[in-house]
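The following note sets out numbered comments on the model shown below. Each point takes up one topic.

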Amino acid sequence: MEGVTSDGDSTTSSNKIFYLESQSNSPVRPNWNGNEIDSLIIAPMDHSTSRYPFCIVWTPLPFISWFFPFIGHMGIAMSSGVIRDFAGPYHVSEDDMAFGKPTKYWQLKVNKARGGQNGWDRAVTDASEAYKKRMHNLFCDNCHSHVAMALNLMHYNERTNWNMVILAFCMLWNGKYVGLGGWLKTWLPFIFIILLSYGAYYCAV
């Protein structure tokens with residue numbers, strides 16, 4: 001657990017931000033030292049209801065992920081944990097992720113978003129509204145691009161150069177599987193194809 005505390009009366013409300021990675025069954029209210037410090041309640045992560053506060057989430061794509069398991073569908077969750085994802089032309093889903101529940105998630109730190117919780121939610125909402133007016137393009141303007149726009153709007157980690165390639169590598173490196181089931185859904189088809197191909201080649205020779 002980590003947090004950002006105030007350092008005197010000069011601290012602005014935008015700095016009164018708290019980050020907590022929580023997988024408990026109840027919301028957590030952090031304890032602050034000092035006076036007039038706003039606390040932020042972080043909603044709990046819940047795999048069963050697909051609630052992933054301040055997370056980027058990922059799930060495999062049919063057929064494509066079977067051959068390339070590092071390629072999949074991506075979304076970004078609000079502070080409440082509700083997922084928004086660019087699911088198709090002129091459509092951004094809410095709490096109904098295309099291609100099924102997430103198998104991987106990457107929880108980010110809200111204190112790295114400009115404006116804290118409000119800045120995070122505003123950026124995700126603005127990016128979603130923008131992508132409701134866009135045609136989906138698998139190769140250059142897709143679900144990853146939607147997430148990248150949200151991160152750029154909130155200046156996450158003081159950066160505005162997030163893009164689909166960076167996010168793909170970050171999810172591959174930082175993503176955590178939603179249990180054994182998430183790992184199997186991601187890798188089992190690929191492993192089956194490799195074994196089947198090896199068996200076919202072995203029989204042919």
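1. The UniProt record, an unreviewed entry, lists residues 63-83, 162-180 and 186-204 under "transmembrane region". In this predicted model, the chain over residues 186-204 is 100% helix and 0% strand, and the C-alpha atoms at the two ends of that span are 29 Å apart. Residues 162-180 are 68% helix and 11% strand, with end C-alpha atoms 30 Å apart. The annotation itself comes from the record and may be inferred rather than shown by experiment.

2. Five helices and eight strands make up the secondary structure of the chain. Their order along the sequence is β-β-β-α-β-β-β-β-α-α-α-β-α. Of the 205 residues in the chain, 41% are buried. Among contacts with a separation of 6 or more, 60% are between residues 24 or more positions apart.

3. Which residues have the most contacts inside the largest nonpolar core? They are I56, W120, L151 and L167, in a core of 29 residues. At least two residues of this core come from each of β3 (55-60), β4 (72-77), α2 (116-131), α3 (143-153) and α4 (164-174). Another core, of nine residues, lies apart from it and includes C55, A77, M97 and V178. As general background, nonpolar side chains in soluble globular proteins tend to be buried together.

4. L151 deserves a separate comment. When its neighbours within four places in sequence are left aside, L151 is in contact with I56, I76, L108, Y156, R159, W162 and L167. Two of these partners, I56 and L167, are named with L151 among the residues that have the most contacts inside the largest core.

5. The packing of α3 and α4 can be described in more detail. Two packed helices are described by the angle and the distance between their axes. For α3 and α4, the axes come within 9 Å and cross at roughly 95°. Because angles of 65 to 115 degrees count as roughly perpendicular, α3 is roughly perpendicular to α4. On the α3 side the contact is made by H144, S145, V147, A148 and L151, and on the α4 side by M164, L167 and A168. Six of the residues in this contact are nonpolar, two are polar and none is charged.

6. Two residues call for a check of backbone geometry. Most residues other than glycine have a negative phi. F99, although not a glycine, has a positive phi of about 70°. F99 lies in the loop between β6 (91-94) and β7 (104-107). F99 has a relative accessible area of 42%, and therefore counts as partly exposed.

7. Where does N157 lie? N157 is found in the loop between α3 and α4. With a relative accessible area of 37%, N157 is partly exposed.

8. D126 and M149 are 23 residues apart in sequence, and their C-alpha atoms are 8.9 Å apart in space.

How values were computed
Residues are numbered from 1 along each chain as its sequence is written. This is a predicted model: local features need pLDDT of at least 70, side-chain atom pairs count only at pLDDT 80 or more; totals for chains, interfaces and linings use all residues. Side-chain values use heavy atoms; hydrogens and water are left out. A nonpolar core is a set of buried Ala, Val, Leu, Ile, Met, Phe, Trp, Tyr and Cys residues joined through side-chain atoms within 4.5 Å. Buried means under 20% relative accessible area, exposed over 50%, partly exposed in between (1.4 Å probe, protein chains only). Helices (H or I, at least four residues) and strands (E, at least two) are DSSP runs, numbered from the N terminus. Contact means heavy atoms within 4.5 Å. Axes are lines fitted to C-alpha atoms, for helices over the stretch in contact, and angles run from 0 to 180 degrees between N-to-C directions. Angles under 35 degrees count as roughly parallel, over 145 as roughly antiparallel, 65 to 115 as roughly perpendicular and the rest as oblique. Ala, Val, Leu, Ile, Met, Phe, Trp, Tyr, Cys and Pro count as nonpolar, Asp, Glu, Lys and Arg as charged, and the others, Gly among them, as polar.
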